[in-house]
Amino acid sequence: MKELVTADGMRQIERHAMEELQLSDEILMERAALFSAAVLEKELKKRGCKKQARILVLCGTGNNGGDGLALARILYEHGCRVFVVLLGDRSKQTALNKKQQKILECLQVGIGDTIRTDIEYDGIVDAMLGIGITRGLTGVFAEAVETVNQMDAFKLAIDIPTGIHADLGLCQTVAFAADATATFGCIKTGLLLAEGRYAGGRNYLGSCGMTYHTGQSGQMAYFMLEKKDIRKALQRQPGGNKGTFGKLAVIAGSEKTPGAALLCTKAAFATGCGYIRLMTAKENKKLVLSVPEVVFSPRHKDEITPMLQFASCLAIGPGIGTSDETKSFLQAVLRSLAECGKPLPVVLDADALNLFAVDESLWKLTAKSKTAVICSPHMAEFARLAHVTVEQIRENRLQLAGQFAREKNCVLVLKDATTVVAAPDGRVCILPVGNDGMAVAGSGDVLTGTIAGIAARLTDSFLAACCGVYLHGLAGEKAAQKKGKAAMLPTDLISQLGKILKHIDQKRDW
């Protein structure tokens with residue numbers, strides 16, 4: 001996993017570089033500028049731009065602006081035609097910013113305070129405000145962003161796009177729309193969340209001398225999953241059997257919503273799960289036979305104990321309904337879990353979560369068992385579970401997710417355009433995969449099956465949840481490439497899951 005940091009965490013890394021590694025802030029700025037120049041020149045070369053590219057560099061008066069001024073000097077030395085605009089209150093210029101300005105003036109590089117719109121720029125660089133912004137843009141910064149966002153040029157943000165909250169990725173008014181972001185030391189969480197995921201474009205990470213140790217930021221540990229983590233976790237055992245690859249019990253679907261059960265079980269099989277028993281409404285028996293690999297059980301309390309004795313993981317919730325009868329059945333399942341004493345991971349989703357939201361006593365039943373609970377609510381479901389609003393979640397999702405996971409002793413999969421997975425021990429994995437084509441009924445049922453199919457054979461429920469979200473999102477990206485976002489269906493995700501895992505088995509890239 002690759003560590004991520006908030007703005008405060010990044011400041012601690014910078015202090016470590018200066019105080020412990022004895023790197024001056026001038027060296028760090030020069031390294032940042034050199035890295036940014038390399039990124040910009042690489043991108044412009046891919047676009048066939050000539051050496052004397054016309055580059056607009058927008059700078060603020062802080063050290064992020066100083067990075068931009070240093071970058072402008074390097075580009076000038078490389079033969080580019082550089083147009084520098086310095087925005088903001090000049091009386092608040094940092095010492096480093098002033099020094100970089102003086103160097104440019106010695107080189108006779110002009111620095112203006114307005115953007116020339118009569119020039120067709122090849123590249124535009126945003127070095128206005130950096131990671132310090134916590135409010136919406138106004139005044140000259142908002143005007144500058146609105147102006148350049150309309151221009152047809154490659155756009156590079158330095159560290160983070162101006163107008164994006166470095167921790168939460170929120171954009172309150174307007175934000176620089178970058179094609180790429182050159183970020184330093186560590187990727188900021190805001191580059192992966194909310195509007196920041198899209199405003200930042202491709203992320204280029206350079207250490208720029210700021211080497212650090214994992215967890216050094218002193219905050220909750222934030223991570224981004226990498227392909228090597230998936231490959232290692234899901235490596236199959238050549239001599240395995242159906243028990244080796246997991247035995248999953250699924251309680252899903254009512255007579256009105258049989259599709260939820262089928263999507264969940266098919267997705268679990270697509271992850272490589274070895275054996276699945278599906279407990280659903282007796283009216284669904286004929287439909288279940290359309291998936292001959294699934295063992296059918298009617299939804300009856302007498303069937304609960306045999307199901308739990310069989311399983312290495314339980315998934316419950318998709319399409320089960322929220323009637324009093326269903327609630328009583330869910331209580332019986334949770335009591336049986338506590339009585340059997342089996343350390344069984346349980347994936348709770350959809351209607352199961354809705355029942356938990358209206359009856360807090362259900363959490364007490366999970367606490368009595370050795371169950372490793374994985375909850376997978378979308379934003380509205382989590383709002384009901386945590387007794388907050390969706391807007392409050394957007395404004396504080398990392399802290400709320402971590403707090404909920406600790407308090408309920410569960411792995412929380414908070415589903416959104418960028419899904420966040422929080423563990424009870426404080427780890428939080430941010431997974432910027434997937435697309436809006438997945439915003440269709442049934443995608444959540446596929447995710448439940450994907451996570452449960454993996455959790456049935458892994459001992460680490462947090463890792464299973466992270467892998468499940470990653471595969472689910474990647475399957476969505478592959479499905480969109482094949483069918484387009486508007487036409488893709490949850491069943492397309494299932495077919496892509498198998499293809500991705502085939503590439504993993506063959507040790508090919510995917």
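Modeller: Ile374 has Val411 in strand S17 as its bridge partner. That pair belongs to the contact between strand S16 (residues 372-375) and S17, which run parallel and are joined by 3 bridges. This is a predicted model, and what follows should be read as a description of that prediction.

On the other pairing, S17 and S18 run antiparallel, again over 3 bridges. Leu412 stands opposite Ala422 of S18 there. The two strands make a hairpin, with 4 residues between them.

Is S17 buried or exposed? Of its 5 residues, 5 are buried, so the strand is largely enclosed by the rest of the structure. Burial here means under 20% relative accessible area. In a regular strand the side chains alternate between the two faces of the sheet. In S17, Cys410, Leu412 and Leu414 lie on one side and Val411 and Val413 on the other, and both faces are covered. Helix H15 (residues 390-408) lies across S10, S17 (410-414), strand S18 (419-422) and S19, and runs at about 160 degrees to S17.

The sheet that holds S17 is open and has 12 strands, in the order S8-S1-S10-S19-S18-S17-S16-S15-S14-S11-S12-S13, with mixed pairing. At its edges stand strand S8 (187-188) and strand S13 (295-298); each has a single partner strand, so one side of each is left without a neighbour in the sheet. Further along the order, strand S10 (residues 222-224) pairs with strand S19 (residues 428-431) in the parallel sense, over 2 bridges. Tyr222 has Val428 of S19 as its bridge partner.

Next, the other sheet. Its 7 strands form an open sheet with parallel pairing, ordered S4-S3-S2-S5-S6-S7-S9. Strand S4 (111-112) and S9 are the edge strands, and each has a single partner strand, so one side of each lacks a neighbour in the sheet. Within this sheet, strand S5 (residues 123-127) and strand S6 (residues 154-158) run parallel and are joined by 4 bridges. Val125 has Leu156 of S6 as its bridge partner. Helix H3 lies across strand S2 (54-59), strand S3 (81-86), S4, S5, S6 and strand S7 (180-184), at about 160 degrees to S2.

H3 also takes part in a pocket. The largest pocket holds about 920 Å³ of space. It is lined by 37 residues, and those closest to its centre are Gly62, Asn63, Asn64, Leu129 and Gly130. Helix H1 (7-19), helix H2 (25-46) and helix H3 (63-77) are the elements that give two or more residues to this lining. By class, the lining of the largest pocket has 15 nonpolar, 13 polar and 9 charged residues.

The second largest pocket has about 580 Å³ of space. Of the 32 residues in its lining, Lys415, Asp416, Met438, Ser443 and His472 are the closest to its centre. Helix H12 (351-358), helix H14 (379-386), helix H16 (443-455) and helix H17 (461-483) each supply at least two lining residues. H16 gives the largest share, 4 residues. The lining of this second largest pocket divides into 13 nonpolar, 11 polar and 8 charged residues.

Gly206 is in strand S9 (residues 202-206), and it is buried, with a relative accessible area of 6%. Apart from neighbours within four places in sequence, Gly206 is in contact with Phe35, Thr183, Phe184 and Gly185. The C-alpha atoms of Gly206 and Lys415 are separated by 30 Å, and the two residues are 209 residues apart along the chain. Lys415 is one of the residues named above for the centre of the second largest pocket.

Ser336 belongs to helix H11 (residues 324-340) and counts as buried, at 14% relative accessibility. Leaving aside neighbours within four places in sequence, Ser336 contacts Ile304, Thr305 and Leu308.

Thr366 is in helix H13 (residues 361-368). At 9% relative accessibility, Thr366 is buried too. Not counting residues up to four places away in sequence, Thr366 touches Leu334, Phe356 and Val373.

Note on methods
Residues are numbered from 1 along each chain as its sequence is written. This is a predicted model: local features need pLDDT of at least 70, side-chain atom pairs count only at pLDDT 80 or more; totals for chains, interfaces and linings use all residues. Side-chain values use heavy atoms; hydrogens and water are left out. On a 1 Å grid over the protein atoms alone, a cavity is a set of points where a 1.4 Å probe fits but cannot get out, and a pocket is an open set with protein on both sides within 12 Å along at least five of seven lines; lining residues have an atom within 4 Å of a point. Grid points are joined across faces, edges and corners, and a volume is the space filled by probe spheres set on the points. Ala, Val, Leu, Ile, Met, Phe, Trp, Tyr, Cys and Pro count as nonpolar, Asp, Glu, Lys and Arg as charged, and the others, Gly among them, as polar. Two strands pair if DSSP finds at least two bridges between them. Contact means heavy atoms within 4.5 Å. Axes are lines fitted to C-alpha atoms, for helices over the stretch in contact, and angles run from 0 to 180 degrees between N-to-C directions. Buried means under 20% relative accessible area, exposed over 50%, partly exposed in between (1.4 Å probe, protein chains only).
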